[in-house]
Amino acid sequence: IGLFRPGVEQVGAIFGSLLDASARAAIEAQAGAYAAAGVPEAVAVRVAAGDTLFGALDITEIAQAAQRAVPVVAGVYFSLSGRLGLGWLRERVSALPAESHWQMLAKGAMRDELAQLQRAVAVNALANAGGDVAPAIIDAWAARNAAPLARAERMLAELRALPTLDLAMLSVALRELRLLA
């Protein structure tokens, strides 16, 4: 608790400004549903943001290891997630059918892999960049990874255009994104 509390509190204080529009809208919609069911608004927002705020633990560890300020790491972490569409991929994984125990395990493994990927890409971006401004760090990372990033962006655009996705498609997407880490 002592290790993570300061970082989690810092991320929590700036959380709203770190999210892209779709992540913010998803949290607001979920919080609205909780509030409509009688949950106090502050609690509804905190619960709705819980899965996303879980990243504050990774952010805290990355900041300590990279000797960077938590807000800088948080900016890189969430900006890269938005740029790579990791939130959208999480939603697609969650939407997969889970009619068997093995399908549930596969979905859980993919969610874990997405979390590991988000952390690894953030570590990579921070390890090879100077400065303390998240957009500049991300721009430098994108320039260093131009070819695999372009491939990943094309693949994600193709997937977004499809009406439905399956486990095989999402597995290939994760494999392609791993090249960026």
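**Exercise 1. Burial and overall form**

What percentage of the 181 residues in the chain is buried? Then describe the fold of this predicted model by its elements and its dimensions.

*Solution.* 
Step 1. Take the cut-off: a residue is buried if its relative accessible area is under 20%. Buried residues make up 36% of the 181 in the chain.
Step 2. List the elements. The chain has eleven helices and zero strands. Read from the N terminus, the order is α-α-α-α-α-α-α-α-α-α-α.
Step 3. A compact globule of 181 residues would come near 16 Å, and the chain has 17 Å, which agrees.
Step 4. Along the principal axes, the C-alpha atoms fill roughly 45 × 45 × 30 Å.

**Exercise 2. Contacts, surface and charge**

Find how far apart in sequence the contacting residues lie. Then describe the accessible surface and the charges.

*Solution.* 
Step 1. Take contacts between residues at least 6 apart in sequence. Of these, 67% join residues at least 24 apart.
Step 2. The accessible area of the chain is about 9800 Å². Carbon and sulfur atoms account for 59% of that area.
Step 3. Count the charges. The chain carries 16 positive and 17 negative charges. Their mean positions are 4 Å apart.

**Exercise 3. The aromatic pairs**

Find the aromatic pairs and classify their geometry. Which residues form one aromatic cluster?

*Solution.* 
Step 1. Recall what to read off. A pair of aromatic rings is described by the distance of the centres and the angle of the planes.
Step 2. Set the cut-offs. Ring centres must lie within 6.5 Å, and planes over 60 degrees apart count as edge-to-face.
Step 3. Count. The rule gives two aromatic pairs.
Step 4. Classify Phe15 and Phe78. Their ring centres are 6.0 Å apart and their planes stand at 80 degrees, so this pair is edge-to-face.
Step 5. Phe15 is in helix H1 (residues 5-18) and Phe78 in helix H6 (residues 70-84), so the pair ties together parts 63 residues apart in sequence.
Step 6. Classify Tyr77 and Phe78. Here the centres are 5.3 Å apart and the planes at 85 degrees, so this pair is edge-to-face.
Step 7. Join the pairs. Phe15, Tyr77 and Phe78 form one aromatic cluster.
Step 8. Check burial. Phe15 has 8% relative accessibility and counts as buried. Phe78, at 8%, counts as buried. Tyr77 is buried at 4%.

**Exercise 4. Trp141 and Leu156**

Is Trp141 buried or exposed? Which residues does Leu156 touch beyond four places in sequence?

*Solution.* 
Step 1. Locate Trp141. This residue is found in helix H9 (residues 134-144).
Step 2. Read its accessibility. Trp141 is buried, with a relative accessible area of 0%.
Step 3. List its partners beyond four places in sequence. Trp141 is in contact with Leu80, Leu84, Val121, Asn124, Ala125, Leu149 and Leu180.
Step 4. Trp141 and Leu18 are 123 residues apart along the chain, and 18 Å separates their C-alpha atoms.
Step 5. Locate Leu156. Leu156 lies in helix H10 (residues 146-160). Its relative accessibility is 6%, which counts as buried.
Step 6. List its partners in the same way. Leu156 touches Leu84, Trp88, Leu89 and Leu177.
Step 7. Take one partner further. Leu177 is 21 residues from Leu156 along the chain, with 9.6 Å between C-alpha atoms.
Step 8. Compare the two lists. Leu84 is in contact with Trp141 and with Leu156.

**Exercise 5. Asp20, Glu176 and Gln67**

Where does each one lie?

*Solution.* 
Step 1. Under 20% is buried, over 50% is exposed, and in between is partly exposed.
Step 2. Take Asp20. It sits in the loop between H1 and helix H2 (21-36). Glu158 is 138 residues away in sequence and 21 Å away in space, C-alpha to C-alpha.
Step 3. Take Glu176. It is found in helix H11 (residues 167-178). Beyond four places in sequence, Glu176 touches Arg151, Ala152 and Met155.
Step 4. Take Gln67. It is in the loop between helix H5 (55-66) and H6.
Step 5. Check the backbone of Gln67. Its phi is near 55 degrees, a positive value in a residue other than glycine.

Conventions. Residues numbered from 1 in each chain as written. Predicted model: local features only at pLDDT ≥ 70, side-chain atom pairs only at ≥ 80, totals over all residues. Heavy atoms only, no water. Helix = DSSP H or I, 4+ residues; strand = E, 2+ residues; numbered from the N terminus. Rg over C-alpha atoms; globule rule 2.2 N^0.38 Å. Buried < 20%, exposed > 50% of the residue type's maximum accessible area, 1.4 Å probe, protein only. Contact = heavy atoms within 4.5 Å. Areas by Shrake-Rupley, 256 points an atom, 1.4 Å probe, with all protein chains shown as cover. Lys, Arg positive; Asp, Glu negative; His and termini not counted. Charge placed at Lys NZ, Arg CZ, Asp CG, Glu CD. Phe/Tyr/Trp six-rings, centres within 6.5 Å; stacked < 30°, edge-to-face > 60°.
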